[in-house]
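The following note is intended for a colleague who will examine the coordinates directly. Its points run from the whole chain to individual residues.

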Amino acid sequence: MVKNRRLYIIALLILLACASIKAYIILSEMYHTKLGQTSIVKNDNDSLNVPTMINKIDDTYYIVDSYNNNILYSKELDVGLSAWNKMPGDFAHPHCFIGNGTFFIVVDTENNRLVTYKKQKDSFIQLETIDDVGYRPHYALYNNNHYYIWNGINQMLVYTEKDCSLILERAYIIPELENCYVRSFTVEDNEWYFPTCSGKIVVTDSSFNYTREYTVPDDIAGLSYIYKRDEYWYVNVFTNIEYDTRYTDLVKCKDLSLLEKGDYESLYEELGLKSSPYYVNTFDGSYYMAALSGYNAIYRIDIINGKLKCVQIF
């Protein structure tokens, strides 16, 4: 009798232990599914939908797949989109992704917010969201241990990171950009260039004090990005002054002051582009450019002796 009772108690304890383990597994899975923080999720889209940026940070490549509301990442560039992973997050047309290798920021454009992450091995942990940073913020840059965010309402927000938390250090106002639609900015020789959609490029010093501006003709007034290589400037044109994408272009000039005079060269047809060139980043010895609006693509661009060679990779 005593022996049977002992066996009953042992069996009951085993059943309780199994139930506890099962409950733990279920709760653990619920926790990770809810937060979407530690599991690796494969990309389930077979094509890009308005890609705005491709970048490489440390050993990982990232694509901002804006209208699929995803940030994709992969250790390999030359693999199909189904082999890429996607970051956790409920985004609405994100436009930009920056980071220092361990701490990252998504510019979540239509949600008017920033979302921060910590990288843990090959996955990402979502940390915090900073709401109401402006109106449709587009572009950001990590530079000299600071995070620069153009908030869409005439402010450059400058953040630092401490203990995986964003700290707003200062907000700069540039009066000359009031009522201007600014999609990006570029740093060149310690000066900051702001291409606008209002027919001008505004230049400031490193403290965001206005220094000068360049006038851009109406036909190429809706700019998305500019960058310099050797003695040439390359200007990505999204629309004309009236936001008509039929005027999209990629032009080249030796000095930005020549744009007003029409002294520039269009490279759009020569490169075989089919849509609007957007953001550009440099890695692996080449330039990489996203293109969108009607035909979604990612291009690798090599500049040799002032000549561009363009190859579509996605």
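**Note on the model**

1. Of the contacts in the protein chain with a separation of 6 or more, 41% are accounted for by residues 24 or more positions apart; a contact here requires heavy atoms within 4.5 Å. The model is predicted, so local features are reported at pLDDT of at least 70 and side-chain atom pairs at pLDDT 80 or more, while totals for chains, interfaces and linings use all residues. Residues are numbered from 1 along each chain as its sequence is written, and side-chain values use heavy atoms, with hydrogens and water left out.

2. The protein chain contains two helices and 25 strands. These elements are DSSP runs numbered from the N terminus, helices being H or I of at least four residues and strands E of at least two. Among the 314 residues of the protein chain, 50% are buried. The burial classes rest on relative accessible area with a 1.4 Å probe and protein chains only: buried is under 20%, exposed is over 50%, and partly exposed lies in between. The protein chain exposes about 15,500 Å², of which carbon and sulfur atoms supply 48%; the areas come from the Shrake-Rupley method with a 1.4 Å probe, and for residues only the protein chains shown count as cover.

3. An open sheet is formed by four strands in the order β14-β15-β16-β17, with antiparallel pairing. Its edge strands, β14 (186-188) and β17 (210-215), each pair on one side only. From one strand to the next the twist averages 25°, where axes are lines fitted to C-alpha atoms (for helices, over the stretch in contact) and angles run from 0 to 180 degrees between N-to-C directions. Pairing of two strands requires that DSSP find at least two bridges between them. Strand β15 (residues 191-195) and strand β16 (residues 200-204) are joined in the antiparallel sense by four bridges. Y193 stands opposite V203 in β16.

4. R212 belongs to strand β17 and E191 to strand β15, so the pair ties together parts that are 21 residues apart in sequence. R212 is partly exposed, at a relative accessible area of 27%.

5. The whole structure holds eleven salt bridges, each defined as a side-chain nitrogen of Lys or Arg within 4 Å of a carboxyl oxygen of Asp or Glu. In general, side chains of opposite charge can pair when their charged atoms come close.

6. E110 is partly exposed, with a relative accessible area of 33%.

7. D163 has a positive phi of about 50° and lies in the loop between β12 (155-162) and β13 (165-173); at 70% relative accessibility, D163 is exposed. D189 has a positive phi near 55°, is placed in the loop between β14 and β15, and is exposed with a relative accessible area of 64%.

8. How many disulfides does the structure hold? The count is zero, under the criterion of a pair of cysteine sulfur atoms within 2.5 Å. For C180, the nearest cysteine sulfur is that of C197, 9.0 Å away. C180 is buried, at a relative accessible area of 13%. C96 is likewise buried, at 0%.

9. N236 lies in strand β19 (residues 232-239) and is buried, with a relative accessible area of 0%. Leaving aside its neighbours within four places in sequence, N236 has contacts that include L223, Y225, D249, P277 and M289.
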